[in-house]
Every structure is written in structure tokens, then in C-alpha cells.
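This report describes one protein chain, beginning with the terms it needs and moving from one residue to the whole chain.

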Amino acid sequence: MKRIFAVLILTVMLLTGACSAEPADTRTRAEAAVAAVLENEWMPQGIAPSFEERETWWDVTLNDAVSGEATAFLRVDKETGHVIRFCIAGFQMPALPASGLFFGWEGEDTDKMSRAEEKEEKDKRNRGWPDLDLQVYEAFRHKSGYTPIRGNCAAEDCCLSYYGNYSGDLYAAAVFRMPENGDEEPQLMAYADVTTNRASGYDGCLTAEQAESAAREALRGKFGDDVADALQTDAEYFVVYDYFLRLELADADPLEAENTLPPVWFFVMIDPRADEEGDRFDERYRDRYEYRIAVDARSGEIIEICEEPESFGFG
């Protein structure tokens with residue numbers, strides 16, 4: 001019995017110590033994240049990183065250890081310790097294309113992306129890839145078993161890899177310089193996570209934070225201050241193409257389909273006062289629960305807003 005009691009005391013002490021331990025210093029965690037990423041052979045070599053602290057992330061410059069010149073830039077999220085942005089020095093992230101261009105259809109940005117002979121040539125070089133885009137996903141998002149979706153890109157001789165799901169929701173995107181032929185490897189030029197840190201996103205697009213602000217102000221204009229101030233974001237999605245629309249248009253001529261959906265932030269906001277099981281329930285708001293709104297991720301314009309909120313329901 002004494003032995004059992006002693007073991008219990010030791011267990012309590014260990015658990016108490018674990019619970020009281022200080023969280024890892026964000027600088028130390030950022031340094032570890034950068035060191036882990038630099039171990040990948042596809043990252044710049046011979047690097048001396050320098051760190052600059054921001055409110056919710058660390059900006060990291062990868063300097064050439066010999067010349068001291070910046071070769072690339074990283075951003076490490078403080079909360080997760082994950083790399084949420086990477087860009088080769090001097091490279092500008094290309095605009096995310098409209099959904100029609102993503103599939104190689106004609107669209108509003110440029111004719112070059114969708115010319116058949118160029119697409120065929122890119123496809124040949126694509127087939128020679130050693131799944132580098134999968135390696136990037138695993139290294140930056142700390143997940144495995146995912147198949148990236150490759151799409152067209154506005155930057156010459158580059159390809160976009162989309163990390164998301166087959167409904168068109170984007171989690172992150174990477175830009176690769178295409179190899180000259182199928183025997184060579186592509187080069188990672190840029191990477192942007194749009195979901196881990198709501199204040200960070202893809203260049204040229206609103207962050208989740210900015211898009212939510214635009215959505216809330218639009219709802220304020222339509223439903224008033226009382227609603228806008230109470231709403232909570234229940235779900236948010238960064239949609240880069242409409243997969244179901246693509247299915248519907250599978251038998252149609254892409255040039256006539258006009259499927260040019262821009263990248264969109266889609267929000268579902270709820271009024272907690274309509275939740276009968278919530279601690280803020282108010283009988284006056286029972287039938288005003290869910291508000292849906294879509295924001296153009298490039299311009300901030302409101303694409304769609306609900307006419308009326310949906311009432312609260314169970315199941």
C-alpha cells in the first residue's frame with residue numbers, strides 16, 4: 001500500500017510540474033522551425049538566418065553566409081511555430097488566377113496561360129517532378145499523406161500547387177519554377193499559408209482578418225450595429241475554384257462556360273443570442289441565427305450576402 005501511495009504522489013508531482021512548465025519561448029521555437037526547414041535539400045544552402053519579431057510572427061531573413069546578401073525570406077507563426085510564408089529574394093508572388101484559368105480555360109487575366117501548346121509543354125515537365133510539392137506541404141504544414149493540386153500560374157515558367165481540398169478550399173499555395181525538362185527538378189520560389197495565422201495570407205489577397213472585417217461591415221450596413229457587433233465567425237473558407245460548378249460544366253465548352261470565379265473568402269457568422277442552449281440566449285433573436293457572406297479576396301468587394309439570416313436549428 002505504501003508503494004502504491006508513493007507512486008501516486010510521484011505521478012501527481014510529475015503532472016503538476018508538466019502543467020506549470022512555461023510555454024516554449026517563441027524565438028527559440030522559430031529558430032527550431034527554420035533549422036528544420038533548412039535541412040531540406042530544396043531550401044537555399046549556406047544560410048545565416050536573422051530574426052525580427054512581429055506581433056504574431058517572426059520575420060526571418062535567410063542571408064548568404066559568405067556574401068551576407070538576403071537570398072530568401074521566411075515568416076514563422078508564434079502560436080504554432082510553423083512556417084507560414086516563404087519567398088525567394090526578388091521574386092514577386094503571382095496573382096492567384098480565377099477558377100477558369102486554374103483549369104486552363106480562357107479568362108480575364110491572360111491568354112498565355114491557356115494556350116494549348118504551352119499547357120502541353122508544361123504538362124510534360126510536370127510529369128518529371130519528384131513530388132517536391134508534397135515535400136513542401138509536409139515540411140511547412142507538418143502533415144503527410146496529401147496530394148497537392150497543380151494549376152496554372154501567371155508567372156512565366158512557374159506552376160502553382162494548391163494545398164486544400166477537392167471542394168476548392170485553399171489552405172496554402174506554393175509557387176515553383178518549372179524545370180527545363182522532365183529530368184530536372186523544379187525550384188520552390190514562394191509559399192503562403194492562408195489559414196494558420198489570420199493576419200497573414202497570400203500576396204495580393206485579403207487575409208482572413210481583413211476579409212472578415214469587410215464582411216462584418218457589409219452585414220452592419222444591411223442588418224445594423226446590433227447584429228454586426230454580436231456576430232461570431234463560425235466558419236471561414238478561402239475558395240479558389242468552384243469544384244461543383246466545374247462538374248456541372250464538364251460537358252460544356254469552357255470558352256462559353258464563363259467560369260471565372262475569383263478567389264473568394266466565404267464566411268458563416270452566427271448570432272449566439274439565437275442559440276437556445278447558449279449562455280447568451282435571448283428570445284427576441286430566436287429566428288435570426290446564421291448569416292452567410294462571400295468577399296472577393298482580391299478586391300474586397302462583396303460578392304454575395306444573405307437576404308435574411310437562417311433560423312437556429314438542431315441536427
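A polar contact is a pair of N or O atoms within 3.5 Å; within protein, one atom must be able to donate a hydrogen and the other to accept it, and residues adjacent in sequence count only if both atoms are side-chain atoms. The model is predicted: local features need pLDDT of at least 70 and side-chain atom pairs count only at pLDDT 80 or more, while totals for chains, interfaces and linings use all residues. Residues are numbered from 1 along each chain as its sequence is written, and side-chain values use heavy atoms, with hydrogens and water left out.

**Asp-77**

The side chain of Asp-77 makes a polar contact with the side chain of Asn-197, at 2.9 Å. Asp-77 lies in strand S3, residues 70-77; strands (E, at least two residues) and helices (H or I, at least four) are DSSP runs numbered from the N terminus. Asp-77 counts as buried because its relative accessibility is 5%, where buried means under 20% relative accessible area, exposed over 50% and partly exposed in between (1.4 Å probe, protein chains only). Leaving aside residues up to four places away in sequence, Asp-77 touches Thr-56, Trp-57, His-82, Ile-84, Thr-196 and Asn-197; contact means heavy atoms within 4.5 Å. Trp-57 is 20 residues from Asp-77 along the chain, and their C-alpha atoms are separated by 4.4 Å.

**Strands S1 and S2**

Two strands pair if DSSP finds at least two bridges between them. S1 and S2 pair in the antiparallel sense over seven bridges, and they form a hairpin with three residues between them. Ala-48 has Asn-63 in S2 as its bridge partner.

| Strand | Residues |
|---|---|
| S1 | 47-53 |
| S2 | 57-64 |
| S3 | 70-77 |
| S6 | 158-164 |

**A cavity**

On a 1 Å grid over the protein atoms alone, a cavity is a set of points where a 1.4 Å probe fits but cannot get out, and lining residues have an atom within 4 Å of a point. The second largest cavity is lined by residues including Ile-149, Tyr-162, Asp-169 and Tyr-241. Strand S6 gives the most to this lining, with three residues.

**The whole chain**

The chain has nine helices and twelve strands. Of its 315 residues, 43% are buried. Among contacts between residues at least 6 apart in sequence, 54% join residues at least 24 apart.

Note on methods:
On a 1 Å grid over the protein atoms alone, a cavity is a set of points where a 1.4 Å probe fits but cannot get out, and a pocket is an open set with protein on both sides within 12 Å along at least five of seven lines; lining residues have an atom within 4 Å of a point.
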